[in-house]
Amino acid sequence: MPKDGGIGASSKRREDVRFLTGAGNYTDDINIHGQAHVFFLRSDIAHGTITSVDTSAAEAMPGVVKVFTGADFEGVGSIPCGWQVTDRHGDPMQEPAHPVLAQGKVRHVGEPIAAVVAETLAEARDAAEAISVDIAELPAVVNMKDALKDGATKVHDDLTSNLCYDWGFVEENKDAVNKAFDEAAHVTSLELVNNRLVANPMEPRVAVGEYARGTDEHTLYTTSQNPHVIRLLMGAFVLGIPEHKLRVVAPDVGGGFGTKIFHYQEEAFCTFAAKACNRPVKWTSSRSEAFISDAHGRDHVTKIELALDADNNFTAIRTETHANMGAYLSTFAPSVPTWLHGTLMAGNYKTPLIYVNVKAVFTNTVPVDAYRGAGRPEATFQLERVVDKAARELGVDPIALRRQNFITEFPYATPVAVEYDTGDYHATMDKLEEMGDFAGFAARRAESEKNGKLRGLGVNCYIEACGIAPSNLVGQLGARAGLYESATVRVNATGGLVVMTGSHSHGQGHETSFAQVVAEMIGIDESMIEIVHGDTSKVPMGMGTYGSRSIAVGGSAMVRATEKIINKAKKIASHLLEASETDIELKDGAFSVAGTDKSVAWGDVTLAAYVPHNYPLEDIEPGLEETAFYDPSNFTYPSGAYACEVEVDPDTGKVSIERFAAADDFGNIINPMIVTGQVHGGLAQGIGQALLENCAYDENGQLLSASYMDYAMPRADDLPMFSVDHSCQTPCTHNPLGVKGCGEAGAIGSPPAVVNAVVDALQSAGKDVTHVDMPLSPDRVWAAMNG
């Protein structure tokens, strides 16, 4: 039977009560007395030289407080990049300046040129329309391969070219990999596109800046996944504000998906403008602005090759990828196609030799950065598509080929610098075959054919590296911040707890699952525990939430802090019970002396911590509050196997997903219901990428899919009922909870399963189709079927 609470129980999400009743506190709900409103005048040209900006008419408009241009930010720092990549020749990447407001040039549609602060948003918008901007238009560079040609227009005049870096990994493997391909019995190659996406969280970005002149203190309220990182980057590198004079608050946040990790120009502007105007300043993004100012995701063009020996064993993998950086380097952009992508190219397979080349390219498009999965979906899509294609070329069963090459012994050191500590890929595949009823597929295909449809089955395996770690290693790889996590546990005199965490919740259910962990350790009811996050003035320095790191890294910090609490409480209990500290046990919220019936309740011990009448102060100081920082020794490696069944209409090319099964290994599970919900959400996003979503530019750098009229978000009727299982558990061996990440898995494993299924359907009808690029829109599928 399910537990009533604690670890392993499907406790209902406590935060949902306020969300469902309209009592949430989102950034746009924050309105400060006397605040003004901001409207940004954004470029409608992808590339050009700014010859003049005349704000005189705007400044005279009703309600205008102040108009800002790039000239107001001369001497202000550039929006920083948080990760430096060194190329295969040992040279650092090219890193251009990223101004708060455009200076000299505009480099993508949507770049802010000027900003109007006015009494109302309507007045700010009206005044922005009165600003006269003259731009000498330049040729836009949109296609990555064209951007690298000799004589191509440069996005940044002060750089040597549009190449940010040319990264090789592992460079010393390159000759051996090439030799393996020369000697291979069979080589499968595939060129594919990982389509550009817009994250589109439910809540658009918002920033509210406030300045207290009396104390010279700044506060920024913002929609962020990691407020401490924003405080560090904006304070130290952009505005020069000491951290103790800058408070960053991220309250309830309605979804992030990676796009709210980064430090944006609007946050720096509102913080700067609040001081310049001596009043609070607020900006709320419209959905149209979000399409042209939020960082986009994916956008890779890749050639991948797989070498096999005569027995169909994988011998080598070789890839070459062009990765779009957009016009500027977003916070973590350089790491996504390199260390978050190249290190996952081994997948679930014991391939002895791998070489990954990535050319990161500047273009006149919105910057590209991490989006749910961040590099791992790109790697998995390449690998699982080429494995499926190889199976078809060899005439062998795709599942059998995968099983033959699975890693089976752990720990396993891959040739791409990571070591998997544990896993069981055969177990997840066994579970998938059971869930997916593969034995009944032939009958389902025959039924579809009777109805004039083509039915296909696609499978996919994935592995993910979560909880980026450890800090000393990622520092050597170019990270400009630590990647630990923190927690402070404060116990009140009456026994209730406040847990302050550096992790941030924006839909993951942390307030529920974190409380379950601490409640389990102490043996008290979850309702006695409050989780506090998102305010740099309240919680210890932490790195935020992304990369499926919250429970593995943030939860482990909580465990360490709670262990300190329990150890001190045992000392107090030993005095109260007049027993040796080593004999004290904690169970079900009570301390007892081992082997006796002597006990004292948790609440009595916590009261004694603050009213120390019964123990000597020289032995134990009053109070019960502890802080811990946790820096993991390795990634965690969730893995799984997915199966998708589709029907394709041969007359129109329309694809419908009929069945989808996901078997995942997430290690130990804190809250099964929350985990299932995370998988459902990831599957929806992955299927959206596979079938519907595409962020498309024309040759002039104009975004063609800049609204929901043109950008196809998945809807409920695009998705089937998912069959989800996470009973195949191989606990992580190096964190105290034995947990692995789960938040990104669905988005990683689903796109190749969908594409594999569609290719299977087309080939079952005798169509000579080996690949269709995402999104598999009806016109693309119809064109593939008809040559």
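Helix 6 of this predicted model is mostly covered, with 10 of its 13 residues buried. Among the buried ones are Pro227, His228, Val229, Ile230 and Arg231. The helix runs over residues 227-239, and its end C-alpha atoms are only 16 Å apart. A straight helix would reach 18 Å at 1.5 Å a residue, so helix 6 falls short of that span.

The second largest pocket holds about 440 Å³ of space. It is lined by 20 residues, and Val142, Met144, Val193, Asp299 and Val301 are the closest to its centre. Helix 4 (144-147), strand 8 (186-194) and strand 14 (314-326) each give at least two residues to the lining. By type, the lining has eight nonpolar, seven polar and five charged residues.

Aromatic rings come next. The whole structure has 27 aromatic pairs. One of them joins Phe291 and Tyr708 edge-to-face, with 5.7 Å centre to centre and 80° between the planes. Phe291 lies in helix 8 (residues 287-293), while Tyr708 lies in the loop between helix 17 (672-691) and strand 28 (722-725), so the pair ties together parts that are 417 residues apart in sequence. Phe291 is buried, with a relative accessible area of 0%, whereas Tyr708 is partly exposed at 37%. Elsewhere, Phe40, Phe68, Phe73, Phe269, Phe272 and Trp283 form one aromatic cluster.

Two arginines lie over rings. The charged end of Arg318 sits over Phe181, 4.1 Å from the ring centre. Arg549 lies over the face of Tyr546, at 5.2 Å from the ring centre.

Some backbone angles also call for a note. Most residues other than glycine have a negative phi, and most peptide bonds are trans. The table lists exceptions.

| Site | Feature | Value |
|---|---|---|
| Phe410 and Pro411 | cis peptide bond | omega about 0° |
| Met774 and Pro775 | cis peptide bond | omega about -5° |
| Asn312 | positive phi | phi about 70° |
| Ala417 | positive phi | phi near 75° |

Pro411 is in the loop between helix 10 (398-405) and strand 16 (412-413), and Pro775 is in the loop between helix 18 (745-764) and helix 19 (778-785). Asn312 lies between strand 13 (300-308) and strand 14. Ala417 is in the loop between strand 16 and strand 17 (419-420).

Terms used. Residues numbered from 1 in each chain as written. Predicted model: local features only at pLDDT ≥ 70, side-chain atom pairs only at ≥ 80, totals over all residues. Heavy atoms only, no water. 1 Å grid on protein atoms, 1.4 Å probe; cavity = no way out; pocket = protein on both sides within 12 Å on 5 of 7 lines; lining within 4 Å. Points joined across faces, edges and corners; volume = space filled by probe spheres on them. Helix = DSSP H or I, 4+ residues; strand = E, 2+ residues; numbered from the N terminus. Nonpolar A, V, L, I, M, F, W, Y, C, P; charged D, E, K, R; others polar. Phe/Tyr/Trp six-rings, centres within 6.5 Å; stacked < 30°, edge-to-face > 60°. Buried < 20%, exposed > 50% of the residue type's maximum accessible area, 1.4 Å probe, protein only. Lys NZ or Arg CZ within 6 Å of the ring centre and 35° of its normal.
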